[in-house]
Each structure stands twice: as C-alpha cells, then as structure tokens.
Amino acid sequence: MFDAVKIRIRGSLTFVANYFIFHNINIYKPRYNEGYVTFFVKSKDKNKVIDLLKQKFNDYKIIEDTTINNLVVSNLKRIGLSLGLLVITICLYVMSNCTVNLDIKGNEIVPTDTIKEVVLDFYEIPNFNKKLDTRKLVNNLIMLDGIASASVDKRGNTVFIEVYEELPKVPIIDKTTYKDVVSAYDGIITRMISYSGTPLKKVGDTVKCGDVLIKSKIALGEELSVDTYANGEVYGRVCIKKETIIPEMLVATKRTGRKIEINKFFGVKPKNPKVPFEHYEVELCQIKLDNTLCLLANKYVYYELEEVLEPTNFKENESFYVKEYTDKYITTLPSDCVFLRSWYNVKLLDKKVCLVIYYEIETKIT
C-alpha cells in the first residue's frame, strides 16, 4: 500500500481495531496470524499512531514504511551513494591519467638535478593526460655532457629515465715532441715520480713557477746526451692567494611582504601572469589536494622585491665575510688537491676593505 505504514502488534484483532477507531484512526487490511495483528495506516496518522503504540502496547513493530517522506530520504541516500561512487570513479580515472613521479637511475657522474631539469623543461610533472615524446626526450638527454645514451619509459603515473654515461676520456699524450716537465706553481716538492727523462729536483726542494723539474734529455756518458720524452708526476705544497674588495655599502634585494599566489593543476604553467610588481621572484611548491589519492597541484608564489642599500659593517661581521669568501674561493682550487690550512689578512682602503685569503694545499704542480 502506497503512502502508508505497515504495523504489527501482539494482541487480538477486535481490541486493536476498536482501540484505533476510538482514537479516530482508520486502519486498512487488518490481518490476524498467530497472536499478531498486522494492518496499514495512512502517512498522515503515522506520528499519532506511534504515540498511541508507545502508550498502550509493548510488543509492536513497524514492518514497512512507504510514506512519501521516507521514500524521498531513502532515494536521497541512494543518490548520495551513487554520487560518491561517481566521484571516486572520476578521481581514479584522473589519477590513472596523471603523471606525478619521476624515477632517474644509471647516473654516477652527471648530477641527478641536471637530468631532472632537462626532463622537466621538456615534460612538466605533474600533468594530466599529456603525451610524452620519448624519442625527442632521449635526444635532449643525449645532448648533456657525459651521457652517451638514455632510455625513457612511461608506466602508470611515473616516468622512468635510465641513462648510460660516457666512458672517461683517455688523455692523448704527444710523445713526438721533446719538452721539459716544468713547475706550474711556486712551492715545495713533497712527492716526485719520474717515468722518463732526467730529474733535476728532489723532494724538499723549493721551486718557482717555470722551473724545470724533469729534463727531456738522458745522459749516455760524461759528455753525450740524447733527447727523450720527459714524463713524471710531481706534487708540492703550494700557497694559493685570493683577494676581494668589500665596499662600504652593498646593493641588496629583499622582499617587501607583498605577494600573490597562483594555483595550477596538472602541470600547467601560468601563461603571462599579471604580476603587479616591477621586481619579483617566483617560488614554486607543490600542495596536496587530497591525502588519500595524492592529488597534487603547483602553487606559484610571486614575491615583490625592492633594492636597498645596506652597510657591510665589516668589523662587526668580519667572521661572516671571512667564512663566506673562504667557502666561495675554496671551490676554485684544483679538484684533486689536498687542503692543508687557510688564513686571511685584512687591508683597509679608502672606505673599502681588501680581504686576502690564503690556502695552503698539496697538489700536482706539473
């Protein structure tokens, strides 16, 4: 029966019918079976009937509720469940077509960041359903110094990059020209190995730049000598001098505190963003839209910058400048050297400071 409530009560049919008729409630299709009476009441009497059941009967049950309100609520729940399943299906589809990870392996000499930069310039990650031209990306990777070949494969939401680096280049030594082995630095010899030629110096000797260390001649007697190819390895303790001028005032840029944020999805870059700043810097970070499905978006933050003159205050910040420039210049030393010690000297000029840093190293001097 539509728009009605079906109820079951323990009791006699006559008593139940008279009880509800007495309270001006019509019951429909009453049935008696094994001590229970079942019947229908209209939806408009539902609340009144429930109140009467609570007052008079202990053993009762609502078997079926086909009222319009109940049907609407039930259907809304079904619609909500269906919409939830639809949203999950869409999210799974989006995630299955998103590229969010990059896996790089095979490199030992070429930095991973360098490879990653080439890949992201060509194929931005994350992105949605963007086709990857693997052949062109391989060509871009091969153009990097130190990479002989590469393979690119996209599986699922990950791009797999495997690179094959070039073999170290063997230096070509010209043995047809007879040249002396000379010193490239001023220093004190600490180690010396002569493969061919005649050594003119020994360990502990002080040499200057341009001094001959190994002569390209071999004596065959007291007065007879022949030209030969001079070859050897000579190491020495060397002092390297670096200096820099620090002015009284420096131009620096700093953030004003004003910024704007632009969120982009699926790896899309902002095209000609309207940034209301003359000078600015951009900071890129990833934000999670959903922790369960790992949905990501790129957030571009544009910070306004301004140029300001700041005093260097060298006397107060001497240790800071010494460390900054010591660390800076140490990267310019020979890559195969052994660092021994460093010290510095300060020369005061007219409103400027000359910072001189000395490095004592052991290195190959030939």
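S194 stands opposite G232 of strand 17. The structure is a predicted model, in which local features require pLDDT of at least 70 and side-chain atom pairs count only at pLDDT 80 or more, whereas totals for chains, interfaces and linings use all residues. Residues are numbered from 1 along each chain as its sequence is written, and side-chain values use heavy atoms, with hydrogens and water left out.

Strand 11 (residues 187-196) and strand 17 run antiparallel and are joined by eight bridges. Strands are DSSP runs of E with at least two residues, helices are runs of H or I with at least four, and both are numbered from the N terminus. Two strands are taken to pair if DSSP finds at least two bridges between them. An open sheet of five strands shows antiparallel pairing in the order 13-11-17-22-21. Its edges are formed by strand 13 (206-207) and strand 21 (338-349), each of which pairs on one side only.

Within strand 22 (residues 352-364) lies Y359. This residue, Y359, has a relative accessible area of 0% and is therefore buried; the term buried denotes under 20%, exposed over 50%, and partly exposed the range in between, for a 1.4 Å probe and protein chains only. Residues up to four places away in sequence being excluded, the contacts of Y359 include V238, C239, I240, K242, F339 and R341, where contact means heavy atoms within 4.5 Å. The C-alpha atoms of Y359 and I62 are separated by 94 Å, and the two residues lie 297 residues apart along the chain.

T228 is located in the loop between strand 16 (225-227) and strand 17. With a relative accessible area of 18%, T228 is also buried. Apart from neighbours within four places in sequence, T228 contacts Y178, G197, S216, K217 and I218.

The second largest pocket holds about 300 Å³ of space. A pocket is an open set of points on a 1 Å grid over the protein atoms alone, where a 1.4 Å probe fits, with protein on both sides within 12 Å along at least five of seven lines; lining residues have an atom within 4 Å of a point. Its lining comprises 13 residues, of which D180, V181, Y229, A230 and N231 lie nearest the centre. Strand 10 (181-182) and strand 17 (231-247) are the elements that give two or more residues to this lining, and strand 17 supplies the largest share, three residues.

In helix 4 (residues 112-122), the buried residues are I115, V118 and V119. These three cover an arc of only 95° around the axis, which places them on the same side of helix 4; the arc is that of the directions from the helix axis to the C-beta atoms. On the other side of helix 4, D113, E117 and D121 are exposed. The buried residues of helix 4 pack against strand 6 (101-105), helix 5 (134-142), strand 8 (147-155) and strand 9 (158-165).

Two asparagines have positive phi values. N24, in the loop between helix 1 (13-22) and strand 2 (28-33), has a phi near 60° and counts as exposed at 68% relative accessibility. N313 has a phi of about 50°, lies in the loop between strand 20 (295-311) and helix 6 (318-330), and is partly exposed at 36%. Most residues other than glycine have a negative phi.

Conventions
Points joined across faces, edges and corners; volume = space filled by probe spheres on them.
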